[in-house]
Amino acid sequence: MAFSLAMIILLGLLFNQLFTKMKLPGLLGMLVLGVLIGPYGLDWLDESILLISGDLRKIALIIILIRAGFGINRDTLNKIGIPAVKLSCIPGIFEGLTVMLVAGYLLDISRVEAGMLGFIIAAVSPAVIVPSMLSFIERRKGEEKGIPTLILAGASVDDVVAITIFSSFVGMYGGQNINFIRQLLNIPLSIVTGIALGAVLSILLLYIFNHFHIRNTKKVLMILASAIILTGLEDILHDIVPIAALLGVMVIGFVILEKKEVLAKELSDKFNKIWVFAEIILFVLVGAQVNIYLAAETGWIGLIIIAIGLMARSLGVYLSLLGTNLSAKERGFCVVAYIPKATVQAAIGAVPLSIGAPAGEVILALAVLAIVVTAPIGAIAIKVTGERVLELYSE
């Protein structure tokens, strides 16, 4: 495993640099590397590192979400308000329902299986979106209207909505007596509990930092460990109370920034350094999850289903932004920013197959195809359109 880790780091740095030189997102290079050296490519990675891949990817995602929290201030949040709430649910529901209807017709699968597929594909990828938006925030591009923060906030909840509805369809398939309305009501409850737990954790950490002399490096480790525990609570308390843990992780950084701005800046610099390593681990291991052969099996029908779903999502994004002060180009950028899929599809794409759904293999193949198609296209489109559309903020 140590040798595999060393290879991931060295080749990850190389591919990141190569793709950056070609004016492409560095994360795309790391995704490609993961596909190449993963079990469906050259199979150079040791099995032991693949077994803990999910945990490593979760930790890396937590690091970037904490960084995102340190980059969000109250004034920006006040600017985005209601549009962020709309973006967090309307586009995903539009896409999920559209894919459900289209897949049910084109693939001739049951409505419940089509629903599972729809809301697997509907989830956007924080792993791809968050680093891109954070880069714009740090360079103060689009800050005057809070566009990167708007997308950050929406994307962090989008997954909660998609996974909640997906879980309902899984329950329906298993013959459980699912109250769909109650499941939908769990979405705002999970958001509230996630924010509350994130706030409580951050206040507790600040109390410790204020009363004990602790080096900033150790503070970073305490914050990271607390965030990991928060995401663990989401799994432990799943059947008792829903928790939007990833949103709670962002809240930790936000509250610390609100209460201790100088400390937040210092800790953010520390997390920036950790991210250099975590970024490589995250994107290479996400790429290693992608079975390109399985994706190819879906053919043109799979591409048509994904394309129609993205059109429905784009319409949802456009409708969510009605009444805002964003220009047509800026709205177009928001549409583009919601294209990438990777994290959720890799995590739950195989669930229908594991519960014995007849269409399980087809659903998994389409989930993989969604990653293969949207992650690189989305990453490139975000970089290109963001640089052209987002204006540099100057006070």
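Colleague: Which residues of helix 11 meet which residues of helix 12?

Modeller: Ile 256, Leu 257 and Lys 259 of helix 11 meet Glu 261, Ala 264 and Lys 265 of helix 12. The contact residues divide into 3 nonpolar, no polar and 3 charged. Please keep in mind that this is a predicted model.

Colleague: What angle do helix 11 and helix 12 make, and how far apart are their axes?

Modeller: In general, a packed pair of helices is described by the angle between the axes and by the distance between them. Here, helix 11 (residues 245-259) and helix 12 (residues 261-288) pack at about 135 degrees, with axes 5 Å apart. The pair is therefore oblique, since the roughly antiparallel class needs an angle over 145 degrees.

Colleague: What explains the spacing of contact residues along a helix?

Modeller: An α-helix has 3.6 residues a turn, so residues three or four places apart point the same way. In helix 10, Ile 223, Ala 227, Leu 230 and Glu 234 are among the residues that make the contact with helix 11.

Colleague: Which residues outside its sequence neighbourhood does Ile 223 contact?

Modeller: Setting aside neighbours within four places in sequence, Ile 223 is in contact with Ile 66, Phe 70, Leu 205, Phe 209, Ile 252, Ile 256, Leu 267 and Phe 271. Ile 223 is also among the residues with the most contacts inside the largest nonpolar core, which has 133 residues. Ile 8, Ile 66, Met 133, Ile 151, Phe 283 and Phe 333 complete that list.

Colleague: Met 133 is on that list. Which residues of helix 7 and helix 18 meet, and how are the axes arranged?

Modeller: The axes of helix 7 (residues 126-138) and helix 18 (residues 360-389) come within 10 Å and cross at roughly 20 degrees. That makes helix 7 roughly parallel to helix 18. Helix 7 passes helix 18 in a right-handed crossing. Met 133 takes part with Val 128, Ser 132 and Phe 136 on the helix 7 side, where they meet Ala 379, Ile 382, Gly 386 and Glu 387 of helix 18. The contact comprises 5 nonpolar residues, 2 polar and 1 charged.

Colleague: Is Pro 352 buried or exposed, and what does it contact?

Modeller: Pro 352, in helix 17 (residues 351-354), has a relative accessible area of 0% and is therefore buried. Beyond its neighbours within four places in sequence, Pro 352 contacts Met 116, Ile 120, Phe 166, Ala 357, Gly 360 and Ile 363. Pro 352 and Ile 363 are 11 residues apart in sequence, with 7.3 Å between their C-alpha atoms.

Colleague: Where is Val 372 found, and what does it touch?

Modeller: Val 372 is found in helix 18. With a relative accessible area of 32%, Val 372 is partly exposed. Residues up to four places away not counted, Val 372 touches Val 290, Ile 292 and Ala 295. Val 372 and Gly 287 are 85 residues apart in sequence but 8.9 Å apart in space, C-alpha to C-alpha.

Colleague: Where do Lys 23 and Asp 108 lie?

Modeller: Lys 23 lies in the loop between helix 1 (2-21) and helix 2 (26-37). Its phi is positive, near 65 degrees, in a residue other than glycine. At a relative accessible area of 67%, Lys 23 is exposed. Asp 108 lies in the loop between helix 5 (74-106) and helix 6 (111-121). Asp 108 has a positive phi of about 55 degrees, although it is not a glycine. With 69% relative accessibility, Asp 108 counts as exposed.

Key. Residues numbered from 1 in each chain as written. Predicted model: local features only at pLDDT ≥ 70, side-chain atom pairs only at ≥ 80, totals over all residues. Heavy atoms only, no water. Axes fitted to C-alpha atoms, helices over the stretch in contact; angles between N-to-C directions. Helix = DSSP H or I, 4+ residues; strand = E, 2+ residues; numbered from the N terminus. Parallel < 35°, antiparallel > 145°, perpendicular 65-115°, else oblique. Left-handed = near helix turned anticlockwise from the far one by under 90°. Contact = heavy atoms within 4.5 Å. Nonpolar A, V, L, I, M, F, W, Y, C, P; charged D, E, K, R; others polar. Core = buried A, V, L, I, M, F, W, Y, C linked by side-chain atoms within 4.5 Å. Buried < 20%, exposed > 50% of the residue type's maximum accessible area, 1.4 Å probe, protein only.
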